[in-house]
Amino acid sequence: MELKEKELACEIVRDLLPLYVDGMVNEVSKKSIDNHLEHCTECSEIYHDMACHLETETPPAEISDVKRFLKKTKKMYLLYGFGGLSFIAILVCLIVDLAVNKRITWSLITTSSCLFADVLLYALSTCKKNKGCAAMAVISIGTFVLLSVIQITRYYLIGTGTVWLLRYGLPILLSWLLVLWPPVLGRTFLKWNIWDCIVLFLFLVIIGNYATKLIIGDYVWEDVLHMRGFMSHAFGELIGIIIFVIIGRTAKWRK
C-alpha cells in the first residue's frame with residue numbers, strides 16, 4: 001500500500017516538475033515537492049536533468065547583449081536614414097523654391113511636414129512606455145504647428161486664401177483630437193482591450209463628423225437635434241460598432 005502511494009506521489013511530482021522548474025507553483029506545492037525530492041532519488045534525478053536542460057537552453061548574457069546592441073543599431077540606422085532623406089528633401093525644396101520664387105514660400109510647408117514625420121518616428125522608436133500617448137502628443141502638437149505654417153505660408157507669404165485657422169482649423173482639430181485621445185487613454189491607463197477602444201473610437205467619429213459639419217456650416221443645431229441624415233452619415237460607423245462589440249464579447253467569453 002505504501003509503495004502504491006509512493007508511486008502515485010512520484011507521478012504527481014513528475015507532472016508538476018516542469019512548473020516547479022519554471023517557478024510557477026505555489027508555496028505549499030513547492031514545499032511538498034522539495035520534501036519529496038529529498039527522499040526520492042529517481043524524481044531528484046529527473047528534476048536535475050530538467051534544470052540542466054533549461055540552463056543549456058538559456059542564452060548567455062553575452063548573446064543577449066549582442067542582440068540588444070544589434071537591435072539598437074538597426075533602430076539608429078533607421079532613424080538616421082529617415083532623417084537623412086528628410087534633410088535631402090528639405091534642401092531640394094528650398095533650392096527650387098528660392099530659384100523659382102526668389103524667397104521661401106511653399107518649401108516651408110514641406111519642411112514642417114518632414115520634421116513632423118521625423119519627430120513622430122523618433123517618438124515611436126524610442127518611447128518604451130505609453131507609446132500611444134507619446135505618439136498622440138506629437139500628433140496633437142505637430143498638427144497644430146503644421147496648420148499654422150500652412151496658414152502663414154498661404155495667406156502671408158504667397159498671398160492666397162483667407163484666414164481660416166482660428167475659425168475652422170483649430171476648432172476642427174480640437175474636435176478630432178477629442179475623438180482620438182479617449183481610446184488611447186483608455187487603452188494605456190485603463191487597460192481596455194483593443195475592440196472596446198475601436199468601438200469607442202467609432203462612436204466618437206459619429207460625434208466628430210457632426211461637429212465638423214457644424215463648424216463649417218453644413219449643419220445647424222436643429223439638424224443635429226432632429227438627427228437629419230443620421231443613418232446616411234453614421235450607418236457605416238454603426239455597423240462597425242455592432243461588429244466590434246460582438247468580436248470583443250466573443251474574445252472575453254473565450255478567455
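This is a predicted model: local features need pLDDT of at least 70, side-chain atom pairs count only at pLDDT 80 or more; totals for chains, interfaces and linings use all residues.
The secondary structure of the protein consists of 10 helices and zero strands. Along the sequence, the elements accordingly follow the pattern α-α-α-α-α-α-α-α-α-α. The protein has 255 residues, of which 27% are buried. Of the contacts between residues at least 6 apart in sequence, 58% join residues at least 24 apart.

Helix 5 spans residues 107–126 and includes Ser125. Ser125 has a relative accessible area of 13% and is therefore buried, the cut-off being under 20%. A polar atom of the Ser125 side chain lies 2.8 Å from the backbone oxygen of Leu121. Apart from neighbours within four places in sequence, the residues in contact with Ser125 are Lys75 and Leu79. The loop between helix 5 and helix 6 contains Asn130. The phi angle of Asn130 is near 55 degrees, which is a positive value in a residue other than glycine. With a relative accessibility of 40%, Asn130 is classed as partly exposed.

Helix 6 and helix 7 form a pair. The axes of helix 6 and helix 7, the latter covering residues 165–189, come within 10 Å and cross at roughly 170 degrees. Helix 6 is therefore roughly antiparallel to helix 7, since angles over 145 degrees fall in that class. On the side of helix 6, the contact is made by Gly132, Cys133, Met136, Ala137, Ser140, Thr143, Phe144, Leu147, Ser148 and Gln151. Helix 7 contributes Leu165, Gly169, Leu170, Leu173, Leu177, Leu180, Trp181, Val184, Leu185, Thr188 and Phe189. By type, the residues of this contact comprise 14 nonpolar, seven polar and no charged.

Trp181 is located in helix 7. The relative accessibility of Trp181 is 22%, so this residue counts as partly exposed. Trp181 and Cys133 are 48 residues apart along the chain, and their C-alpha atoms are separated by 8.1 Å. Beyond residues up to four places away in sequence, Trp181 touches Cys133, Met136, Ala137 and Ser140. With Ser140 there is also a polar contact, in which the two side chains approach to 3.1 Å.

Gln151 belongs to helix 6, which runs over residues 131–158. Gln151 has a relative accessible area of 4% and is thus buried. The side chain of Gln151 has polar partners in the backbone of two residues. A polar atom of this side chain lies 3.0 Å from the backbone oxygen of Thr162, and the side chain also reaches the backbone nitrogen of Trp164 at 2.8 Å. When residues up to four places away in sequence are set aside, Gln151 touches Tyr156, Thr162, Val163, Trp164 and Leu165.

The loop between helix 7 and helix 8 holds Lys191. Although Lys191 is not a glycine, its phi is positive, at about 60 degrees. Lys191 has a relative accessible area of 64% and is therefore exposed. Asn193 caps the N-terminal end of helix 8, where a side-chain oxygen lies 3.0 Å from the backbone nitrogen of Trp195.

Helix 8 comprises 23 residues, numbered 194–216. The distance from its first C-alpha to its last is 32 Å, close to the 33 Å expected at 1.5 Å a residue. The residues of helix 8 that are buried are Cys197, Val199, Leu202, Leu204, Val205, Ile206, Gly208, Tyr210 and Thr212. Just after helix 8, Gly217 adopts a positive phi of about 95 degrees.

Key. Residues are numbered from 1 along each chain as its sequence is written. Side-chain values use heavy atoms; hydrogens and water are left out. Helices (H or I, at least four residues) and strands (E, at least two) are DSSP runs, numbered from the N terminus. Buried means under 20% relative accessible area, exposed over 50%, partly exposed in between (1.4 Å probe, protein chains only). A polar contact is a pair of N or O atoms within 3.5 Å; within protein, one must be able to donate a hydrogen and the other to accept it, and residues adjacent in sequence count only if both atoms are side-chain atoms. Contact means heavy atoms within 4.5 Å. Axes are lines fitted to C-alpha atoms, for helices over the stretch in contact, and angles run from 0 to 180 degrees between N-to-C directions. Angles under 35 degrees count as roughly parallel, over 145 as roughly antiparallel, 65 to 115 as roughly perpendicular and the rest as oblique. Ala, Val, Leu, Ile, Met, Phe, Trp, Tyr, Cys and Pro count as nonpolar, Asp, Glu, Lys and Arg as charged, and the others, Gly among them, as polar. The expected span of a helix is 1.5 Å times one less than its number of residues.
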